[in-house]
Amino acid sequence: MSQLQAGLVGLPNVGKSTLFNALLSKQIADAANYPFCTIDPNVGVVEVPDDRLPKLAEVVQSQKLVPAAIEFVDIAGLVKGAHKGEGLGNQFLAHIREVDTIVMVIRDFESENIVRAGSVNPVDDVQTLLTELQLADLQTIEKQQPPRPNAEKEEKVRWDVTLKIKSQLESGQCVDIMTFSDEQLQEVKSLNLLTIKPIIIVLNTDENELNKSVTDVLNYPTFRISAKLEADMAGLNRMERLELLQAYGISEPGLDQLIKITYATLGLITFLTAGEKEVRAWPIHKGTEAPQAAGTIHTDFEKAFSKAQISNYDDFVNLGGWKNLKETGKVRFEGKEYVMQENDVVEFMVNT
């Protein structure tokens, strides 16, 4: 599976780049096997925190841990009129079309030294961003041509979908809440719309406000993070960061929450492999069957798939690996129609 991308977007001066840089610094501080590496000035790969891997490594006595990963993209700041090219609007829209999910960073802190570009109401700022995405999508829709008199069925389906989406956007609604048939969905995907992408809302908050209750903004998953606090912890090791967070009554770094929520929003789960050479988390989409999961390890494995030897993660750790699992009857052998589950530890068997 190709690397999935999450785009950090926001109005000017919301702390978006501070958050991005904190992600970079955190991974360097952790010195993990899958470090955050900068691909270009605004793209980096970050590991998905996974406490299962060290425990699996202890069982199989492996020194190499490879977590799942996501690309984060620090997208050019948005201003009103971005859909018309205002500010860096064209650059913003080009970059956001490439990402799989949108992380909206919304200012929810006070500072006399940082000019506020949006309103004092986070909901209004989210709506500003959504409106620009909706207007950009409307421009895409308005470029579509009606079907020719002798048009094929696909062309007619595409036009019906176009009119349906146009009505939705003109009413101020996003495409992500619409329902489509499988036939229509193929045409929708080809339009590469912005408002069909899943959205996460991050409220960039003063560190002393992190424990305030939060409700989902406009029905999008929403949580609080302090980009400043995360940046301040950049040079600390994990234990030092946890001690500092405890002073604020927080049990988990905000960056870990961001990565995990983004991973889930992308519709991903992880299966695990555990051998002496390496212990690894493999990201796949929910609903992936065993042969396709095997294909993520090596493309030839999908065609040559025979069966999968599977254990639940807890059983694997508690019983100490494959040998004891087999002796206690805790190993399952699954075929081609098996749908992979979170916490599956697997060895794929292939025909040679």
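Predicted model: local features only at pLDDT ≥ 70, side-chain atom pairs only at ≥ 80, totals over all residues.
Residues are numbered from 1 along each chain as its sequence is written, and side-chain values use heavy atoms, with hydrogens and water left out.

**Exercise 1. Work out how the axes of α4 and α5 are arranged.**

Step 1: take α4 (residues 122-142) and α5 (residues 153-170); their axes come within 10 Å and cross at roughly 150 degrees. Axes here are lines fitted to C-alpha atoms, for helices over the stretch in contact, with angles from 0 to 180 degrees between N-to-C directions.

Step 2: that crossing makes α4 roughly antiparallel to α5 (the label applies over 145 degrees).

Step 3: list who meets whom, with contact meaning heavy atoms within 4.5 Å. From α4 come Gln134, Asp137, Leu138, Ile141 and Glu142, and they meet Thr162, Ile165, Lys166, Leu169 and Glu170 of α5.

Step 4: sort that contact by class, and you get four nonpolar, two polar and four charged residues. Nonpolar covers Ala, Val, Leu, Ile, Met, Phe, Trp, Tyr, Cys and Pro; charged covers Asp, Glu, Lys and Arg; the others, Gly among them, are polar.

**Exercise 2. Decide whether methionine 178 is buried or exposed, and find its contacts.**

Step 1: methionine 178 sits in the loop between α5 and α6 (182-191).

Step 2: its relative accessibility is 14%, so methionine 178 counts as buried (under 20% relative accessible area with a 1.4 Å probe, protein chains only; exposed is over 50%).

Step 3: skip neighbours within four places in sequence, and methionine 178 is in contact with Lys164, Ile165 and Gln168. As a check, the C-alpha atoms of methionine 178 and glutamine 168 are 8.3 Å apart, at 10 residues along the chain.

**Exercise 3. Find the residues with the most contacts inside the largest nonpolar core.**

Step 1: a nonpolar core is a set of buried Ala, Val, Leu, Ile, Met, Phe, Trp, Tyr and Cys residues joined through side-chain atoms within 4.5 Å.

Step 2: the largest one has 64 residues, and Phe72, Met104 and Ile201 have the most contacts inside it.

Step 3: a second, separate core of 14 residues includes Ile269, Ile284, Met340 and Val346.

Terms used: Helix = DSSP H or I, 4+ residues; strand = E, 2+ residues; numbered from the N terminus. Parallel < 35°, antiparallel > 145°, perpendicular 65-115°, else oblique.
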